[in-house]
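Welcome! Have a look at the picture, then read on.

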Amino acid sequence: MADPIYRAPKGTHDVLWPESARRRALVGVFADIVEAAGYSEVVPPMFEHVEVFRRLGDATDVVRKEMYEFEDRGGRHIALRPEQTASIVRSFGEHRPNLPWKAWYAGPNFRYERAQKGRFRQFDQVGIEALGPEDPHLDAEVIATAWRFYECLGLQQVTLLVNSLGGPDDRARYVTALHDHFSTDIDSLSEDSRVTLATNPLRVLDSSRPEDADLIASAPSMLDHLSAEAGDHFDQVKAALTGLEIPFTIEPRLVRGLDYYVRTTFEFTSEAFDAAQNAIGGGGRYDGLAEAMGAPPTPGVGFALGVDRTLMACDAEGAFAAPDAPVDVFVVDTTGGEAALLITDELRRAGIRADRSWDDRSMKAQMRAADRSGAAQAVIVGDDELQSNTAAVRDLRGDGGQETVARTSITETLLARLK
Ligand code: AMP
């Protein structure tokens, strides 16, 4: 066992191949889908002035308890980003792009959480944010984009939960109603929930502590506190999802972690694993956030999907497999290595993934390396081939056999064989 100092810090892990290739492919699928829907990539910094995240709300656990904060050498109060919506909205206020502004992002976030399966201190998310329109069809587009992404990955056991938190006034009335409800029997609440009740009554609904279950079950429903306008917005979102044939479940207790959501909120869970951490993504409307960050008042809606958990869902469903080999061709050269040097370069320039062995090893050792590489084809150059300016091309997996080809037609032969 290595010295603990030389192990990845708690809550983090190295992603090695082939999982790393699978992750990159997943982000590639995501990029294709969102770019086809008019979202363009934004790459915000991984740290911001801490105030940017404070705008998310002081009652938010992520902000209050889980941020990696520090003072930099210039005395600035900095935080590693715990999520990216705040950064994107900060970026919007800074650059004032034309509306609607449809942005996507991918990358790591940092939260000082209790590390467990599916809950890390550094984790990747992909997401989109759409700023400008209040149109309920935009909420539906955002939700549908995530849904289509899961479909493209081959996931079939994803559940979509939706709720409306109403406008800021509705939300405030509901928070008061909830506070009153929980206060009637405050002694039966868990100690943690009593603390939460004082700062953020909505979050008590998120508690999974058994002592809280009864009061949560009898709590008033947000949906009974919606204004006519918010109710109409929600109805239109639901009608649009139905029109798009995206199945959903209404979950009136869905409040989600961040404080700034209004109106539509949603979450995707995977039914394929029963871990506590089965939320694979979520999002909602945050119409007041831009203004809170000093930008012109601008509505917004978006989502963030957890890459790690989405891949866990893929594992559980046997979907979106990792690649089985890093290269297609392995070049074996027992004549000193110059042939391998030139042939691998030629193949790579033709777009063929190719590797070779090193240190002028025996034919047997090189063939073993070729097998281990997982390559489908080998190019073999021994003394005879060098003499006759040829190479042997051998199928390493199927029964495609071996043929001797001119040095000048190696690439062409492999392109045909790899089709
Ligand atoms: P949030 O930004 O908290 O709304 O989370 C959105 C999604 O990111 C969740 O549904 C998870 O899939 C993922 N996620 C959030 N926190 C973590 C974490 N600590 N570790 C791994 N994935 C996470």
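**Sheets and a helix pair**

Three strands make up an open sheet in the order 2-4-3, with antiparallel pairing; strands here are DSSP runs (E, at least two residues) and helices are DSSP runs (H or I, at least four), numbered from the N terminus, and two strands pair if DSSP finds at least two bridges between them. This is a predicted model, in which local features need pLDDT of at least 70, side-chain atom pairs count only at pLDDT 80 or more, and totals for chains, interfaces and linings use all residues. Residues are numbered from 1 along each chain as its sequence is written, and side-chain values use heavy atoms, leaving out hydrogens and water.

- Three bridges link strand 2 to strand 4 (residues 77–80) in the antiparallel sense.
- H49 sits opposite I78 in strand 4.

- Eight strands form an open sheet with mixed pairing, in the order 1-5-6-11-10-9-7-8.
- Strand 1 (40–41) and strand 8 (249–250) are its edge strands, each pairing on one side only.
- Strand 9 (residues 262–270) and strand 10 (residues 279–285) run antiparallel, joined by six bridges.
- F268 has G281 in strand 10 as its bridge partner.

**Two helices in contact**
- E19, R22, R23 and L26 in helix 1 meet V307, D308, T310, L311, C314 and D315 in helix 12, where contact means heavy atoms within 4.5 Å.
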